[in-house]
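Here are my notes on the model, as numbered points. Please read them with the structure open.

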Amino acid sequence: MPSKPAFPSAINGGVTVAKVICKGDDVFKVLLDTVRAAGGLISKEKFDDYGIRRVSGLGKEWWKEVSFLETWMEGNDIAALELDENGHTVNADVIYGATINLSNFKEAVQDALSR
(Lines give C-alpha, C1' and ligand atoms only; values in the text may rest on other atoms or scores of the structure.)
Protein backbone atom coordinates (compact mmCIF):
# COMPACT_ATOMS: atom_id res chain seq x y z
CA MET A 1 0.00 0.00 0.00
CA PRO A 2 1.62 3.24 -1.06
CA SER A 3 1.49 6.10 1.39
CA LYS A 4 1.12 9.67 0.20
CA PRO A 5 3.31 12.18 2.05
CA ALA A 6 1.95 14.45 4.72
CA PHE A 7 1.20 18.04 3.73
CA PRO A 8 1.76 20.88 6.13
CA SER A 9 -0.86 23.62 6.19
CA ALA A 10 -0.47 26.44 8.70
CA ILE A 11 -3.33 26.97 11.12
CA ASN A 12 -3.51 28.89 14.39
CA GLY A 13 0.23 28.73 15.01
CA GLY A 14 0.46 25.07 14.04
CA VAL A 15 0.76 22.83 11.04
CA THR A 16 -2.03 20.61 9.76
CA VAL A 17 -0.73 17.27 8.52
CA ALA A 18 -2.42 14.54 6.54
CA LYS A 19 -1.17 11.08 5.75
CA VAL A 20 -3.24 9.18 3.22
CA ILE A 21 -2.65 5.46 2.65
CA CYS A 22 -4.08 4.06 -0.56
CA LYS A 23 -4.85 0.61 -1.92
CA GLY A 24 -4.55 1.17 -5.63
CA ASP A 25 -6.65 4.24 -6.36
CA ASP A 26 -8.81 3.82 -3.23
CA VAL A 27 -8.21 5.64 0.03
CA PHE A 28 -7.59 3.02 2.71
CA LYS A 29 -6.58 5.12 5.74
CA VAL A 30 -6.49 8.84 6.55
CA LEU A 31 -4.53 10.25 9.48
CA LEU A 32 -4.98 13.91 10.38
CA ASP A 33 -3.54 16.11 13.08
CA THR A 34 -2.25 19.56 13.92
CA VAL A 35 1.30 19.93 15.18
CA ARG A 36 2.03 23.05 17.18
CA ALA A 37 4.78 25.19 15.67
CA ALA A 38 6.10 26.13 19.11
CA GLY A 39 6.50 22.49 20.04
CA GLY A 40 4.71 20.56 22.69
CA LEU A 41 1.95 18.07 22.19
CA ILE A 42 0.25 17.51 18.90
CA SER A 43 -3.47 18.11 19.13
CA LYS A 44 -4.51 14.45 19.28
CA GLU A 45 -2.14 13.84 22.19
CA LYS A 46 -4.09 16.37 24.25
CA PHE A 47 -7.21 14.20 24.04
CA ASP A 48 -9.78 15.60 26.46
CA ASP A 49 -7.45 18.40 27.63
CA TYR A 50 -7.82 20.25 24.31
CA GLY A 51 -10.87 22.01 25.70
CA ILE A 52 -13.14 22.34 22.68
CA ARG A 53 -15.89 20.17 24.19
CA ARG A 54 -17.30 23.11 26.14
CA VAL A 55 -17.93 25.10 22.93
CA SER A 56 -18.72 22.19 20.62
CA GLY A 57 -22.33 21.93 19.54
CA LEU A 58 -21.82 18.18 19.65
CA GLY A 59 -20.27 18.08 23.11
CA LYS A 60 -17.25 16.31 21.60
CA GLU A 61 -13.57 16.96 22.07
CA TRP A 62 -11.43 18.03 19.07
CA TRP A 63 -9.75 14.64 18.60
CA LYS A 64 -13.13 12.88 18.44
CA GLU A 65 -14.34 15.19 15.68
CA VAL A 66 -11.09 14.68 13.75
CA SER A 67 -11.33 10.89 14.18
CA PHE A 68 -14.88 11.02 12.82
CA LEU A 69 -13.64 13.02 9.79
CA GLU A 70 -10.82 10.54 9.15
CA THR A 71 -13.31 7.67 9.04
CA TRP A 72 -15.66 9.64 6.78
CA MET A 73 -12.81 10.45 4.38
CA GLU A 74 -11.86 6.77 4.17
CA GLY A 75 -15.28 5.90 2.74
CA ASN A 76 -16.09 8.97 0.67
CA ASP A 77 -14.73 11.14 -2.12
CA ILE A 78 -12.96 14.11 -0.53
CA ALA A 79 -14.38 16.34 -3.26
CA ALA A 80 -17.84 15.57 -1.82
CA LEU A 81 -16.93 17.36 1.42
CA GLU A 82 -18.68 20.71 1.06
CA LEU A 83 -17.68 23.60 3.30
CA ASP A 84 -19.24 26.98 3.97
CA GLU A 85 -17.31 30.27 3.95
CA ASN A 86 -16.11 29.57 7.52
CA GLY A 87 -14.74 26.11 6.72
CA HIS A 88 -17.58 24.21 8.39
CA THR A 89 -19.25 21.32 6.64
CA VAL A 90 -22.69 21.56 5.13
CA ASN A 91 -22.84 17.80 4.46
CA ALA A 92 -25.65 16.22 6.47
CA ASP A 93 -23.64 13.02 6.96
CA VAL A 94 -20.62 14.92 8.36
CA ILE A 95 -22.18 17.69 10.44
CA TYR A 96 -23.38 15.33 13.17
CA GLY A 97 -19.81 14.16 13.76
CA ALA A 98 -17.60 17.17 13.00
CA THR A 99 -18.48 20.82 13.54
CA ILE A 100 -14.94 22.23 13.70
CA ASN A 101 -13.35 24.12 10.79
CA LEU A 102 -12.38 21.43 8.26
CA SER A 103 -10.83 23.55 5.50
CA ASN A 104 -7.17 22.86 6.35
CA PHE A 105 -7.86 19.13 6.71
CA LYS A 106 -9.58 18.99 3.33
CA GLU A 107 -6.76 20.97 1.71
CA ALA A 108 -4.09 18.74 3.26
CA VAL A 109 -5.79 15.52 2.13
CA GLN A 110 -6.33 16.87 -1.39
CA ASP A 111 -2.64 17.81 -1.55
CA ALA A 112 -1.56 14.38 -0.32
CA LEU A 113 -3.76 12.68 -2.91
CA SER A 114 -2.32 14.81 -5.70
CA ARG A 115 1.22 13.53 -5.05
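1. Start with the contacts. Among contacts in the chain with a separation of 6 or more, 43% come from residues 24 or more positions apart. Keep in mind that this is a predicted model. The chain has 115 residues, and 37% of them count as buried.

2. Next, the layout. The chain has three helices and four strands. Read from the N terminus, the order is β-β-β-β-α-α-α.

3. Strand β3 covers residues 14-23 and strand β4 covers residues 26-36. They pair in the antiparallel sense, over 10 bridges. Look for T16, which stands opposite T34 in β4. Two residues lie between β3 and β4 in this hairpin. In the turn, G24 has a positive phi of about 65 degrees.

4. Helix against helix. How are two packed helices described? By the angle between their axes and the distance between the axes. For α1 and α3, the angle is about 40 degrees and the axes are 12 Å apart. Their crossing is right-handed.

5. Who touches whom? From α1, the residues are W62, V66, L69 and M73. They meet F105, K106 and V109 of α3. By class, the contact of α1 with α3 has six nonpolar residues, one charged residue and no polar ones.

6. Aromatic pairs. A search of the whole structure finds two. One is W62 with F105: the ring centres are 6.0 Å apart and the planes stand at 50 degrees, so this pair counts as tilted. The cut-offs explain the label: planes under 30 degrees apart would be stacked, and those over 60 edge-to-face. W62 belongs to helix α1 (residues 62-75) and F105 to helix α3 (residues 103-114). The pair links distant parts of the chain, 43 residues apart. Both W62 and F105 are buried.

7. The other pair is F68 with Y96. Their geometry is edge-to-face, with 5.4 Å centre to centre and 70 degrees between the planes. F68 lies in α1, while Y96 sits in the loop between α2 (92-95) and α3, so the pair ties together parts 28 residues apart in sequence.

Notes: Residues are numbered from 1 along each chain as its sequence is written. This is a predicted model: local features need pLDDT of at least 70, side-chain atom pairs count only at pLDDT 80 or more; totals for chains, interfaces and linings use all residues. Side-chain values use heavy atoms; hydrogens and water are left out. Rings of Phe, Tyr and Trp (its six-membered ring) pair if their centres lie within 6.5 Å; planes under 30 degrees apart count as stacked, over 60 as edge-to-face and the rest as tilted. Buried means under 20% relative accessible area, exposed over 50%, partly exposed in between (1.4 Å probe, protein chains only). Axes are lines fitted to C-alpha atoms, for helices over the stretch in contact, and angles run from 0 to 180 degrees between N-to-C directions. A crossing is left-handed if the near helix is turned anticlockwise from the far one by less than a right angle, and right-handed if clockwise. Contact means heavy atoms within 4.5 Å. Ala, Val, Leu, Ile, Met, Phe, Trp, Tyr, Cys and Pro count as nonpolar, Asp, Glu, Lys and Arg as charged, and the others, Gly among them, as polar. Two strands pair if DSSP finds at least two bridges between them.
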